Amino acid sequence: MQFKDIIGQQPIKQRIIGLIQENRLPHALLLWGNEGIGKLGLSIALAQYLLCNNRQEGDACGECLSCKQIKKLMHPDMHFVFPIVKKTTEPICDDFLEEWREMITQTPYFSYQQWMDKIGDGKQGQIYSRESEEIIRKLSYKGFQGDYKVMIIWLPEKMNAICANKLLKLLEEPPEKTFFILASNQPEQLLSTISSRTQMIHVPNIATEDLQPIFGQEVARVANGNYVKALSIQNQAGESKIYFDLYRNLMLMVVRHDVLGVKNWAEQLHEMGREEMKNFLAYAQHITRECFILHFGASELNYLEVHEQDFAPKFARFLSATNIEFIMETFAKAVTDIEQNGNGKIVLFDTGLQLMTKIK
Ligand SMILES: [Zn+2]
């Protein structure tokens, strides 16, 4: 992965390239910032630039053996650590290397949740204590191809305390020409003993004008610098429009006290199936919250999609501090009821009737 493959982030690229060219790359660098902005990609591009045998002015050559190996994510001197789940008693990242390569080859932009969806079966990820021994072992070898070795740690905040503590000495005094690149979404969750041993660089959200050529103006604006979000908006644009129509129809009937309409509406949504009902209820909670937030300033409109922007301010007038909690709880309860195999038709109908008592 070369710098040219990373969307936007020009100032950060310049800064990293400068650090390498001037031999000032710190032995432990912490790239931190929001999810979906390219920190993992930047870490790999950094490693590739460092390890490239024919470094160009502003990027790796992309042609040499080293570059080719990194492209396949199979360079013997570039190592990865990332959150994993417990499939064996003491799992290590290498157990998941195949899935990891698949994931990055598809795109280096993915969220923690997407990674968990790939490997997790609903479990939560962690970097387990045994990983520290692996890291120490891998870095104790001399570089295979050149001088440098790079250890990329994606989401170091997921490291358990035993692992983190075992790494302190190595982070403080790594072997010569060994570099740790940490890419963190939540640096405040890192042990201070870890973060204090790194040089921190804040990676900003991707500039909207850099997302715009790929996703168009609307999606770029709503994504707010998050590539993963932009992609998901693009993929779900059609879907969210369906949920929006269902929501708007429901609320119009609620306001008009159209009981029969709500009954038909519940039947229509029920026929779409259990997953769709749950998706709708998740969307309903999201859009209700967004509408309510409009009370605090119209700038929040920017985070709504086009088809929502006309409806939201009008509907916001029906929401207040006295009914918002009830409405959110009503939707949440509907999710629970449906998950516990309640009859969707009845649950949704009842939800509509409940809303009528408080939305006026
Ligand atoms: Zn190269």
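A residue is called buried if 20 or more other C-beta atoms lie within 10 Å of its own, exposed if 12 or fewer do, and partly exposed in between, with C-beta atoms placed from the backbone. A nonpolar core is then a set of buried Ala, Val, Leu, Ile, Met, Phe, Trp, Tyr and Cys residues joined through C-beta atoms within 7 Å. Keep these two ideas in hand as we walk through the chain. The model is predicted: local features need pLDDT of at least 70, side-chain atom pairs count only at pLDDT 80 or more, and totals for chains, interfaces and linings use all residues. Residues are numbered from 1 along each chain as its sequence is written.

Let's begin with the whole chain. Its C-alpha atoms fill a box of roughly 75 × 45 × 35 Å, taken along the principal axes. Of its 360 residues, 36% count as buried. The chain has 16 helices and five strands; helices (H or I, at least four residues) and strands (E, at least two) are DSSP runs, numbered from the N terminus.

Next, look at how the chain is divided. The domain assignment gives domain 1 (3-204) and domain 2 (226-358), with bounds that come from an automatic or database assignment. Between the C-alpha centres of the two domains there are 40 Å. Where do they touch? Nine residues of domain 1 are in contact with four residues of domain 2, contact meaning that the C-beta atoms of two residues, placed from the backbone, lie within 7 Å.

The largest nonpolar core has 50 residues, and Ala47, Ile152 and Ile181 have the most contacts inside it. Among the elements that each supply at least two residues of this core are helix 1 (10-21), helix 2 (39-51), strand 3 (149-154) and strand 4 (178-184). Helix 2 gives the largest share, nine residues. Which residues does Ala47 touch? Leaving out residues up to four places away in sequence, Ala47 touches Ile70, Met78, Val150, Ile152 and Ile181. A second, separate core of 30 residues includes Val254, Met277, Phe292 and Leu348.

The strands come together in an open sheet of five, in the order 2-3-4-1-5, with parallel pairing; two strands pair if DSSP finds at least two bridges between them. Strand 2 and strand 5 (199-202) are the edge strands, each pairing on one side only. Strand 5 runs parallel to strand 1, and four bridges join them. Here Leu31 stands opposite Ile201 in strand 5.

Ser132 sits in helix 6 (residues 130-140) and counts as buried because it has 22 C-beta neighbours inside 10 Å. Ser132 touches Cys163, Lys166 and Leu167, again leaving out residues up to four places away in sequence.

The other two stand out by a backbone angle. Most residues other than glycine have a negative phi. Gln9, in the segment before helix 1, has a positive phi near 55°. Leu155, in the loop between strand 3 and helix 7, is not a glycine either, yet its phi is positive, about 60°. Are Gln9 and Leu155 buried or exposed? Gln9 counts as buried because it has 24 C-beta neighbours inside 10 Å, and Leu155 counts as buried because it has 23.
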